[in-house]
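Here is a short report on one protein chain. Keep the sequence and the 3D view open as you read.

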Amino acid sequence: MTIAIIGGGPAGLFCALQAAGEGRRVVLFEKKSSPGRKLLLAGSGQCNITHDGEITAFLSHYGDHGAFLRPALMNFTNRDLIDFFAARGLALKVEPGGKVFPETRRSADVLAILLAECARRGVDIQCGEAVQHVGRDGDGFLVRSETVVLRADALVIATGGASYPATGSTGDGYSFARALGQPVTEVAPALAPVYVRDYPLADLAGISFENLAITVYRDGKRVHRHTGDLLLTHTGLSGPGILDASRYILPGDVLRVAFLPEANTEAVRKQVAGALMAGGVRQVKTVLGDLGLPERFVRRLLDLAGISPGETCAHLGKKARNAIAASVAEFPFTVERLGGFGEAMVTRGGVALDGVNPKTMESRTIPNLYCIGEVLDIDGDTGGYNLQAAFSTAALAAREIARTP
């Protein structure tokens, strides 16, 4: 049996080494000169490979698509992934907040183990071989690159999405899927920063906040609420909370941010107004600072409200007090656009999930065609969820392939 895998990222490599075995020839096509280019960038080169906790808790971290991933995640869990690398000499460590990294903090060490296992199990990795055509050939597939023509009994599309195109993720897999008759949904950047129209906080870039409530409004109606960390940039908003919420954000939306942690808008408004009312002769900026707001941020809020930096709470009128409370409780940002594929960590959209069997990763209509990893219409939150999905879907497809006579 010959198995062709297109894409040498974590999903493709892991599927290859898991599927390899007696009587099965595995050929992996990688368009770049070496595999794992995007993996080497993961976690800023440190590889946040998965997340800690019960695997069932992962399901809520994939937008509306967690249920599809349940069989894959339950078949190959975060504990299984940790054990796989530990058994090969690479210990993984849980960081505060639950992110899991190699103890060495090197993505290259993760890639080295995947490549070593592929070599040990006889996987034929063809680098610099961009697949140009895929098609049906009787009950199998024909895969053609510039120099190789391969007839395969099973085909795995593991090309990733369209984010970070310089690494080779340019959306090729969507074309291959369509050519074979597999439905593909519209794609867009995900885990992307937000560019803000008439952004007033550009010179505060680098200030970060933890556990803020971020509410998305569209045409005056609330469409999503998310809680997470936020980072002010030169052009708008980023940080895990914004990146995770970006799958729900469109240009023209208004994001209202409560700048005190772990509280809803009304609670923040009352907290700020109450603190200012009780402030007496203390300066407004001091009272706001005592609430945990950064000094530079407070100065900008007061400047935008037309209030002197030295103003005391006793001299602050009700209208000004309410204006400050509103700014802290629901500061509005109008979305100009989202970051493009060159900035987005992953891709929203892809091979339609209703065309794939979640228990096997096999096409529902094309026997022996498998789609795994980010080429699927799945985008997880930051924190290792996307890499776990890549490994888990790869393992599930490989298990099914190995069962095929």
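Axes are lines fitted to C-alpha atoms, for helices over the stretch in contact, and angles run from 0 to 180 degrees between N-to-C directions. Helices (H or I, at least four residues) and strands (E, at least two) are DSSP runs, numbered from the N terminus.

## About the model

This is a predicted model: local features need pLDDT of at least 70, side-chain atom pairs count only at pLDDT 80 or more, and totals for chains, interfaces and linings use all residues. Residues are numbered from 1 along each chain as its sequence is written, and side-chain values use heavy atoms, with hydrogens and water left out.

Helix 3 (residues 66-75) packs against helix 12 (residues 385-403) at an angle of about 80 degrees. Their axes are 8 Å apart. That makes the two helices roughly perpendicular (65 to 115 degrees; under 35 is roughly parallel, over 145 roughly antiparallel, the rest oblique).

Contact means heavy atoms within 4.5 Å. Helix 3 brings Leu-69, Pro-71, Ala-72, Leu-73 and Asn-75 to it. On helix 12, the residues include Gln-388, Ala-389, Leu-396 and Arg-399. The contact residues divide into 7 nonpolar, 4 polar and 1 charged. Here Ala, Val, Leu, Ile, Met, Phe, Trp, Tyr, Cys and Pro count as nonpolar, Asp, Glu, Lys and Arg as charged, and the others, Gly among them, as polar.

Three strands form an open sheet in the order 7-8-9, with antiparallel pairing. Two strands pair if DSSP finds at least two bridges between them. Strand 7 (131-137) and strand 9 (149-152) are the edges, and each pairs on one side only. Neighbouring strands are turned by 20 degrees against each other on average, direction ignored.

Strand 7 and strand 8 (residues 140-145) share 6 bridges. His-133 has Arg-144 of strand 8 as its bridge partner.

## Strands 3, 4 and 5

Strand 5 (residues 99-102) pairs with strand 3 (residues 50-51) in the antiparallel sense over 2 bridges. Thr-50 is partnered by Val-100. Strand 4 (residues 92-94) also pairs with strand 5 in the antiparallel sense, over 3 bridges. Leu-92 has Pro-102 as its bridge partner.

Strands 4 and 5 form a hairpin with 4 residues between them. In the turn, Gly-97 has a positive phi of about 100 degrees.

## Two domains

Domain 1 covers 2-188 + 344-403, and domain 2 covers 194-338. These bounds come from an automatic or database domain assignment. The domain centres, taken over C-alpha atoms, are 39 Å apart. In the contact, 10 residues of domain 1 meet 6 residues of domain 2.
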